[in-house]
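Please prepare a short briefing on the fold and on a few selected residues.

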Amino acid sequence: MSDDTVKFLLPEDRIPRAWYNIMADFPEPMAPVLHPGTGRPIEPDDLAPLFPMACIAQEVSTEREIEIPEPVREIYKQWRPSPLFRARRLERALDTPARIYYKYEGVSPSGSHKPNTAVAQAFYNREEGVKRLTTETGAGQWGSSLAFAGQIFGLEVDVYMVKVSYHQKPYRRALMEACGARCVPSPSTETAAGRAILEADPDSNGALGIAISEAVEMAAQRDDTKYALGSVLNHVMIHQSVIGLEALEQMEMAGDAPDVVIACAGGGSNFAGLVTPFLGRKIKGEMSPRVVAVEPAACPTLTRGRFAYDFGDTAHLTPLVKMHTLGASFMPPGFHAGGLRYHGMGPMVSHMLHLGLIEAVSHHQLGCFEAGVTFARTEGIVPAPESTHAVKEAVDEALRCKAEGTARAILFNLSGHGHFDMQAYTDFFDGKLEDRDYDQAILDRAFDALPRVAAE
Ligand SMILES: *Cc1c(COP(=O)(O)O)cnc(C)c1O
């Protein structure tokens, strides 16, 4: 019997009934979110113009289990539980004694983990009478996920898309429009924040921080409109925990336990989604995997950023959150993993690093694409450019196992497929991609612009 395809599938009724919230188990609580005007901890009402109350409650919840509403579970059934594979052909190609497992989130309608939270957020907004959602998107995965979720629950969706991606990724825009969203290149002239940027730099490529300012400004102006964020915030991380909860059970089906758990981290949501249920077990002393976040060397938030209070956006409209940050004024270059181009890291993930619960590494894009191609040629799935960062670290770990002659179990999250990012692979094959490092001086300049906060 061949063991080429080893797949662990759970039946539909094993979709978790509750999300896991690691805030219940942190040995130290997270730093409070501060009001940008007063410098005091914000109140739930301060966020009410932007988010539905259900999400605001989750943002500060210390409940360990948060019930997944039945209509959300019903939609999850379209692609959940997602499969967990053992990468036997990759293992053989690497000639490693390691056992490599990956959880595959590319089976969702938009091809990534993002619908896990988009569906939940659209549901809560509909329940609270909202008619329209605004959001930003970098690479386009989040915009298409929210467009899909908005259609299901009858909400209009306006997406401010980072201008460089809008032009580089016309298929993503078409996908969002096909799913019913309106897509606007950011910076735009629709908002004061966008107009200010364009005045200073008419050729601005845009950045996630700018697009966030525009989406927030539009949501704050209208009562029937709220804002939805696809990463970074605690409620998003909580929704994504379905990934890890399923993976825990699937690793048990495999009769194995991971020694290393790996995911890429942009704002941190697919990372938190996979790893928090494992960390919860680790905090209780039930297992002891190493947990590794992988980020691009060109946007090294966790590995070279400061753990400090900062704004989430360029125009300084958002509350102040304590996170690993390169400074809200930091402009990442136009590298290909668009979903990892954010100046900050989710506060929950930043807190995990601060507490020593996780480790962080960075990789350059050439090595990541190489690993992505190896994965495509063995496992047959072309990873999203973001996901290649996790693949790269898993491959490196498997090669370390080979060098040491040890057989560790490696679990990583394949957060999405790369079918809408084939231009990135074309550029890689044509030798057009470069690796960039930053001078400490460039980073220091952005750190100098960090807000001074009395609480620190
Ligand atoms: C958006 C995205 C990411 C990065 O976002 P996180 O919140 O860090 O998970 C990673 N992988 C894929 C496929 C994405 O679409």
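Where is the place of Ser-112? Ser-112 is in the loop between strand S5 (99-104) and helix H5 (115-127); helices (H or I, at least four residues) and strands (E, at least two) are DSSP runs, numbered from the N terminus. This is a predicted model, in which local features need pLDDT of at least 70 and side-chain atom pairs count only at pLDDT 80 or more, while totals for chains, interfaces and linings use all residues. Residues are numbered from 1 along each chain as its sequence is written, and side-chain values use heavy atoms, with hydrogens and water left out.

**Ser-112**
- Ser-112 has a relative accessible area of 4% and is therefore buried (under 20% relative accessible area, with exposed over 50% and partly exposed in between; 1.4 Å probe, protein chains only).
- The side chain of Ser-112 reaches the backbone nitrogen of Lys-114 at 3.1 Å.
- Apart from neighbours within four places in sequence, Ser-112 is in contact (heavy atoms within 4.5 Å) with Glu-105, Gly-106, Gln-141, Ser-145, Ser-415 and Gly-416.

**Cysteines**
- The structure holds zero disulfides, a disulfide being a pair of cysteine sulfur atoms within 2.5 Å.
- For Cys-183, the closest cysteine sulfur is in Cys-179 at 12 Å, which is too far for a bond.
- Cys-183 is buried at a relative accessible area of 9%, and Cys-55 counts as buried at 1% relative accessibility.

**Helix H6**
- Helix H6 (residues 141-152) has twelve residues and reaches 17 Å from its first C-alpha to its last, close to the expected 16 Å (1.5 Å times one less than the number of residues).
- Ten of the twelve residues of H6 are buried, so that the helix is mostly covered.
- Among the buried residues of H6 are Gln-141, Trp-142, Ser-145 and Phe-148.
- The buried residues of H6 pack against helix H3 (70-76), H5, strand S6 (132-137), strand S7 (156-162) and helix H8 (170-178).

**Four-stranded sheet**
- Four strands form an open sheet in the order S8-S7-S6-S9, with parallel pairing (two strands pair if DSSP finds at least two bridges between them).
- Strand S8 (182-186) and strand S9 (225-227) are the edge strands, each pairing on one side only.
- The twist averages 25° from one strand to the next; axes are lines fitted to C-alpha atoms, for helices over the stretch in contact, and angles run from 0 to 180 degrees between N-to-C directions.
- Three bridges pair S6 with S9 in the parallel sense, and Arg-132 stands opposite Thr-225 in S9.
- H6 packs on this sheet, touching S6 and S7, and its direction makes about 165° with that of S6.

**Seven-stranded sheet**
- An open sheet of seven strands has the order S1-S4-S5-S15-S10-S11-S14, and its pairing is mixed.
- Its edge strands are strand S1 (6-8) and strand S14 (359-363), each of which pairs on one side only.
- Neighbouring strands are turned by 25° against each other on average, direction ignored.
- S5 and strand S15 (residues 409-414) run parallel, joined by six bridges, and Tyr-101 stands opposite Leu-411 in S15.
- Helix H11 (residues 234-253) packs on the sheet, touching S1, strand S4 (84-86), S5 and S15, and its direction makes about 140° with that of S5.
- Helix H16 (residues 387-404) also packs on the sheet, touching S5, strand S10 (260-264), strand S11 (290-296), S14 and S15, and its direction makes about 170° with that of S15.

Conventions. A polar contact is a pair of N or O atoms within 3.5 Å; within protein, one must be able to donate a hydrogen and the other to accept it, and residues adjacent in sequence count only if both atoms are side-chain atoms.
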